[in-house]
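Biologist: I am new to this structure and would like to go through it with you. Could you show it to me?

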Amino acid sequence: MSDDGERGAPGKGLVQGLAVTLKTMTKRSATRQYPDVEPELPPRSRGVIALLEENCTVCMLCARECPDWCIYIDSHKEEVVVPGAARARQRNVLDRFDIDFALCMYCGICIEVCPFDALHWTPEFEYAETDVLDLLHDKNRLGEWMRTVPPPPAHDVLGEPSKEETTAARKAAGPGAATPAKTNVRRSASTTAERPAPRAPRAEQPGAGSPPPPQGPDVPPEQPR
């Protein structure tokens, strides 16, 4: 029976369904032969999250911003003796960094808020487990995923170098080396050459609306030109 309340021909729905099936059967199959053939993933695909432990400062930003609370971090403080300093300094030492991928929704907020690039996306997605408890990856297992992190894309040739590249170039050049001046790449030389030079300000002429010069016994009247 149709939406209007009219009874249709018997078997009409079956015929329409079979028509769709026959139409699909005549087309070429788009089945991916996985796992025999590896899929071609886009460069920014979100697989598993990798941890670069050397960059982690235990700032806890990733754990606080995680909407699923699937990141667990423990640390302790230790004193570092600096030669010439008045007293020893303290630094955080990472003891535990776990991500529960059974709770993770792959939003990428932890990677975006990390100020020291300690977390990275990897295209690896083959980490399924038969036990849900095995989806809790510790810092050692997260560190093993770093070998699968793709290299970052190349910088724009016309863009300014990043702060890290400038700092590395300054250290490589040594102290006292000249620092190259920053150039604005958006303004070309032809545009600068075609821009007319500013005109010199014109001398003000006394008009009708200007106040008359002062007159007095000690000031001679202005002679007409």
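Biologist: How many helices and strands does the protein chain have?

Modeller: The protein chain has six helices and five strands. Helices (H or I, at least four residues) and strands (E, at least two) are DSSP runs, numbered from the N terminus. This is a predicted model, in which local features need pLDDT of at least 70 and side-chain atom pairs count only at pLDDT 80 or more, while totals for chains, interfaces and linings use all residues. Residues are numbered from 1 along each chain as its sequence is written, and side-chain values use heavy atoms, with hydrogens and water left out.

Biologist: What pattern does the protein chain follow along the sequence?

Modeller: Read along the sequence, the pattern is α-β-α-β-β-α-β-β-α-α-α.

Biologist: What percentage of the residues is buried?

Modeller: Of the 225 residues in the protein chain, 17% are buried. Buried means under 20% relative accessible area, exposed means over 50%, and partly exposed lies in between (1.4 Å probe, protein chains only). The accessible surface of the protein chain comes to about 19,300 Å², and carbon and sulfur atoms account for 55% of that surface. These areas come from the Shrake-Rupley method with a 1.4 Å probe, and for residues only the protein chains shown count as cover.

Biologist: Among contacts between residues at least 6 apart in sequence, what share joins residues at least 24 apart?

Modeller: That share is 68% in the protein chain. A contact means heavy atoms within 4.5 Å.

Biologist: Turning to charges, how many salt bridges does the count come to?

Modeller: The count comes to five salt bridges. A salt bridge is a side-chain nitrogen of Lys or Arg within 4 Å of a carboxyl oxygen of Asp or Glu.

Biologist: Which residues are linked in a network of salt bridges?

Modeller: Asp74, Arg96 and Asp98 form such a network. Asp74 and Arg96 meet through their side chains at 3.8 Å, N to O. Asp74 lies in strand E2 (residues 71–80) and Arg96 in strand E3 (residues 89–100), so this pair ties together parts that are 22 residues apart in sequence. Arg96 also forms a salt bridge with Asp98, where the closest N and O atoms are 2.6 Å apart.

Biologist: And is Asp98 buried or exposed?

Modeller: Asp98 is buried, with a relative accessible area of 9%. Asp74 is partly exposed at 39%, and Arg96 is partly exposed at 32%.

Biologist: Which residue forms a salt bridge with Arg141?

Modeller: Glu129 does, with the closest N and O atoms 3.0 Å apart. This pair links distant parts of the chain, since Arg141 is in helix H4 and Glu129 is in the loop between E4 and E5, twelve residues apart. Arg141 has a relative accessible area of 25% and is partly exposed, and Glu129 is partly exposed at 34%.

Biologist: Changing topic, how many disulfides does a search of the whole structure find?

Modeller: The search finds zero disulfides. A disulfide is a pair of cysteine sulfur atoms within 2.5 Å.

Biologist: Where does Ala63 lie, then?

Modeller: Ala63 lies in helix H2 (residues 61–65) and is buried, with a relative accessible area of 17%. Not counting residues up to four places away in sequence, Ala63 touches Ile71 and Ile73. The C-alpha atoms of Ala63 and Cys110 are separated by 7.4 Å, although these residues are 47 apart along the chain.

Biologist: What does the side chain of Thr148 reach?

Modeller: The side chain of Thr148 reaches the backbone oxygen of Trp145 at 2.6 Å. Thr148 is in the loop between helix H4 (139–144) and helix H5 (163–173), and it counts as buried at 14% relative accessibility. Leaving aside neighbours within four places in sequence, Thr148 is in contact with Thr122, Pro123 and Glu124.

Notes. A polar contact is a pair of N or O atoms within 3.5 Å; within protein, one must be able to donate a hydrogen and the other to accept it, and residues adjacent in sequence count only if both atoms are side-chain atoms.
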